[in-house]
Amino acid sequence: MRKMRTQSAPWRAAAVLASVLLVGGVAACGNSDTGGGGTKDDGKITMGFSQVGAESGWRTANTISIKEAATAAGIELKFDDAQQKQENQIKAIRNYIQQKVDVIAFSPVVESGWDTVLKEAKDAKIPVILTDRSVDSADKTLYKTFLGSDFVKEGKLAGEWLVEQKKTASGPVNIVELQGSTGAAPANDRKKGFAEAIAANPNLKVIASQTGDFTRAGGKQVMEQFLKANPKIDVLFAHNDDMGLGALEAITAAGKVPGKDITIITIDAVKDGMQALADGKFNFIAECSPLLGPQLMDLAKKVKAGEEVPARIETEETTFTTAQAKEALPNRKY
Ligand code: GYE
């Protein structure tokens with residue numbers, strides 16, 4: 001289930017203005033551009049998609065969702081895996097501009113540094129849809145919409161659960177944090193939301209926080225360092241399941257029992273994470289849905305047709321305890 005947020009007044013005004021200009025342009029010059037600004041007019045939509053990489057179970061599920069949805073919608077998909085590098089994404093976007101695709105969609109690996117290439121797409125009249133992660137560009141006309149989760153909220157939900165669990169703690173509760181990729185929106189925002197929530201109890205302290213790059217290997221390696229440097233770790237907050245899963249190995253190797261000696265909270269709720277939660281190795285997961293494909297294809301059709309779309313479309317999500325994971329697991333698709 002998704003919820004739509006209505007767009008802000010300035011955006012609506014800009015969209016109306018843009019369509020007026022577009023219609024005017026077509027009438028005046030006999031230009032054959034379609035409403036979405038695409039440069040071909042063969043009725044078929046071509047989407048250029050730049051994916052972050054293949055760093056996690058979430059990402060794999062997201063890629064499958066996008067590919068399947070494109071096929072189902074009859075959209076021709078050009079797909080590029082940027083291997084977690086911004087320079088590769090910029091290169092892919094420039095290629096898509098050159099190939100005159102109808103729509104460009106991408107999940108920006110980091111938040112900053114997109115203005116130049118987004119401006120190039122805008123100048124080429126190719127609409128851009130941000131999916132999963134957003135950018136920090138001040139100029140909101142550089143993209144049509146952003147479809148994805150509220151990462152601050154996910155961090156908050158994780159922190160609020162911990163505050164409730166530890167409300168009777170009389171002494172310090174030592175937390176270590178495995179951050180997502182440096183500079184990525186979900187890493188910045190989940191950290192922020194979690195910190196805001198745990199501020200409610202001064203006993204809750206993040207004693208170490210480092211990036212594990214959203215991967216299992218990263219989670220394992222950084223958790224090993226955390227365990228070596230800190231004799232008393234009560235809680236692990238990992239920005240995704242994969243880092244939490246990697247950390248399990250480090251915790252077990254250190255002779256501790258995950259889920260008991262160390263409370264583990266993660267984000268995503270992919271199958272392996274949900275299994276760890278059902279087994280009592282994780283204690284709580286805030287969900288982040290990767291199944292963005294169908295909505296993305298709908299949006300592509302709308303922007304290509306020159307229809308107005310909301311500036312922000314937020315994914316609706318839930319949270320899971322061990323009991324809830326046991327119940328949900330048999331029907332979990334990813
Ligand atoms: O949580 C993580 C992935 O951007 C929401 O990226 C996504 C995050 C997801 O690598 O597992």
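This is a predicted model: local features need pLDDT of at least 70, side-chain atom pairs count only at pLDDT 80 or more; totals for chains, interfaces and linings use all residues.
How many cavities of 30 Å³ or more does a search of the whole structure find? The search finds two.

## The largest cavity

The largest cavity has a volume of about 90 Å³. Its lining is made up of 13 residues. Those nearest the centre of the cavity are W58, R59, R133, R190 and F214. Two helices, α2 (57-73) and α6 (185-198), each supply at least two residues of this lining.

What kinds of residue line the largest cavity? By class, five are nonpolar, two are polar and six are charged.

Which element gives the most to the lining of the second largest cavity? Helix α5 does, with three residues. At least two residues each come from α5 (151-165), β11 and β12 (312-315).

## Helix α3

Helix α3 covers residues 86-98, a run of 13 residues. At 1.5 Å a residue, α3 should span 18 Å.

Which residues of α3 are buried? They are Q89, I90, A92, I93, Y96 and I97. Seen down the axis of α3, these buried residues fall within an arc of 160°, so they line one face of the helix. On the other side of α3, the residues E87, K91 and Q98 are exposed. The general rule behind such a pattern is that an α-helix has 3.6 residues a turn, so residues three or four places apart point the same way.

N88 is also found in α3. N88 counts as partly exposed because its relative accessible area is 22%, and the cut-offs for that class are 20% and 50%. The C-alpha atoms of N88 and V52 are separated by 9.3 Å, while the two residues are 36 apart along the chain.

## Two positive phi angles

Q83 sits in the loop between β3 (76-81) and α3. Its phi is near 50°, a positive value in a residue other than glycine. Is Q83 buried or exposed? Q83 counts as exposed because its relative accessibility is 56%, and the class begins over 50%.

A269 is not a glycine either, and it has a positive phi of about 70°. This residue lies in the loop between β10 (263-268) and α9 (271-278). With a relative accessibility of 0%, A269 counts as buried.

## Two buried serines

Where does S181 lie? Its place is the loop between β7 (173-179) and α6. S181 is buried, at a relative accessible area of 5%.

S289 is in the loop between β11 (284-287) and α10 (293-304). S289 is buried as well, with a relative accessible area of 7%. What does the side chain of S289 reach? It reaches the backbone nitrogen of L291, at 3.2 Å.

## A glycine in α9

Helix α9 contains G273. G273 counts as buried because its relative accessibility is 0%, and buried means under 20%. The C-alpha atoms of G273 and A325 are 9.3 Å apart, although 52 residues separate the pair along the chain.

Note on methods. Residues are numbered from 1 along each chain as its sequence is written. Side-chain values use heavy atoms; hydrogens and water are left out. Helices (H or I, at least four residues) and strands (E, at least two) are DSSP runs, numbered from the N terminus. Buried means under 20% relative accessible area, exposed over 50%, partly exposed in between (1.4 Å probe, protein chains only). A polar contact is a pair of N or O atoms within 3.5 Å; within protein, one must be able to donate a hydrogen and the other to accept it, and residues adjacent in sequence count only if both atoms are side-chain atoms. On a 1 Å grid over the protein atoms alone, a cavity is a set of points where a 1.4 Å probe fits but cannot get out, and a pocket is an open set with protein on both sides within 12 Å along at least five of seven lines; lining residues have an atom within 4 Å of a point. Grid points are joined across faces, edges and corners, and a volume is the space filled by probe spheres set on the points. Ala, Val, Leu, Ile, Met, Phe, Trp, Tyr, Cys and Pro count as nonpolar, Asp, Glu, Lys and Arg as charged, and the others, Gly among them, as polar. The expected span of a helix is 1.5 Å times one less than its number of residues. The arc is that of the directions from the helix axis to the C-beta atoms.
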